[in-house]
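User: I'm new to this one, and I'd like to walk through its packing and its pockets. Can you bring it up?

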Amino acid sequence: MMLLAPEIPSIWREEVWHALSVHLPIATLFLASLTAMVYGVCSSTHRLFLGKLVMVLLAIGVISGWAAIYTGEIAYSVEVRKICDPKVLQEHSWWAYATLFAYSGALGLIMVKLFSPSTFPKFIKVVVLILLTAALGGLIYTGHLGASLVYQQGAGTYKPSADCAEFVK
C-alpha cells in the first residue's frame, strides 16, 4: 500500500492574504514618518517637495493600511485557534488599529491644511509631526508582534511533513 504525500495548501488561502497586503502600508507609512522628520529640519527649498511627498506616502499608506486591517481580521479568525498564545495576536491587532488611527488622523489634518487658508496654525504642523512620530513607534511595535506571530508561533505558515514528501514529484 502506497501512502500519498499530503497536498501543499494554496498560497491564496485566506489567512495568507494579510501577509500579501501588509508590506505596502508598512513601507509607505514608515517612509512618510521619516520624510516628515526630515521636513522639520530641512531647508525651505526642499520643503514643498517633502510636504507633498509626505501627503502622497500617507495617502497610499493609509488606504492600503485599512486593506491590511481588513485582511488581518480575516487572518485573525483563522489563526486565533491555531497559535499557542492568542494574546500576542490580540495585542498585534490592537496596536495595528491604534497605529493606523494615528496615521489616518495625521492625513486628515494634512488634508484640512491643504484645503484651508494659507494661515494654517503652526501648532497643527507640530501635532502632525508628533502623530507621525508616535505612529512610527506603533508601526515598528506592530511589525515586531507580527514577526513574533509568524516566526515564533507559525501563524499562517505551512508545516511540511518530516520527509518533505509533498515537495517531491
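Predicted model: local features only at pLDDT ≥ 70, side-chain atom pairs only at ≥ 80, totals over all residues.

User: Which residues have the most contacts inside the largest nonpolar core?

Analyst: Those are Leu-29, Val-54, Leu-58, Val-62, Tyr-103, Ile-110 and Leu-132, in a core that has 21 residues. The elements giving two or more residues to this core are α2, α3, α4 and α5, and the largest share, seven residues, comes from α4.

User: What else is there apart from that core?

Analyst: Another core, of six residues, lies apart from it, and Val-88, Leu-89, Leu-145 and Ala-155 are among its members. As a general point, nonpolar side chains in soluble globular proteins tend to be buried together.

User: Back to α4 then, which of its residues are buried?

Analyst: The buried residues in α4 are Val-88, Leu-89, His-92, Ser-93, Ala-96, Thr-99, Leu-100, Ala-102, Tyr-103, Ala-106, Leu-107 and Ile-110. These buried residues pack against α1, α2, α3 and α5.

User: And how far apart are the end C-alpha atoms of α4?

Analyst: They are 42 Å apart, and this agrees with expectation, because the 29 residues of α4 should span 42 Å at 1.5 Å a residue.

User: Switching to pockets, what volume does the largest one have?

Analyst: Its volume is about 820 Å³, and its lining consists of 35 residues, of which His-18, Ala-19, Val-22, His-92 and Gly-146 lie nearest the centre. The elements that give two or more residues to this lining are α1 (14–21), α2 (23–41), α3 (44–79), α4 (86–114) and α5 (122–151).

User: How many of the lining residues there are nonpolar, polar and charged?

Analyst: In the lining of the largest pocket, 20 residues are nonpolar, twelve are polar and three are charged. His-92, one of the residues nearest the centre of that pocket, also belongs to the buried residues of α4.

User: What about the second largest pocket, which residues lie nearest its centre?

Analyst: The second largest pocket holds about 590 Å³ of space and is lined by 21 residues, with Tyr-39, Gly-51, Ile-110, Lys-113 and Lys-125 nearest its centre. At least two lining residues come from each of α2, α3, α4 and α5, and the largest share, seven residues, is from α5.

User: How does that lining divide?

Analyst: The lining of the second largest pocket divides into 14 nonpolar, two polar and five charged residues.

Conventions. Residues numbered from 1 in each chain as written. Heavy atoms only, no water. 1 Å grid on protein atoms, 1.4 Å probe; cavity = no way out; pocket = protein on both sides within 12 Å on 5 of 7 lines; lining within 4 Å. Points joined across faces, edges and corners; volume = space filled by probe spheres on them. Helix = DSSP H or I, 4+ residues; strand = E, 2+ residues; numbered from the N terminus. Nonpolar A, V, L, I, M, F, W, Y, C, P; charged D, E, K, R; others polar. Core = buried A, V, L, I, M, F, W, Y, C linked by side-chain atoms within 4.5 Å. Buried < 20%, exposed > 50% of the residue type's maximum accessible area, 1.4 Å probe, protein only. Expected span 1.5 Å × (residues − 1). Contact = heavy atoms within 4.5 Å.
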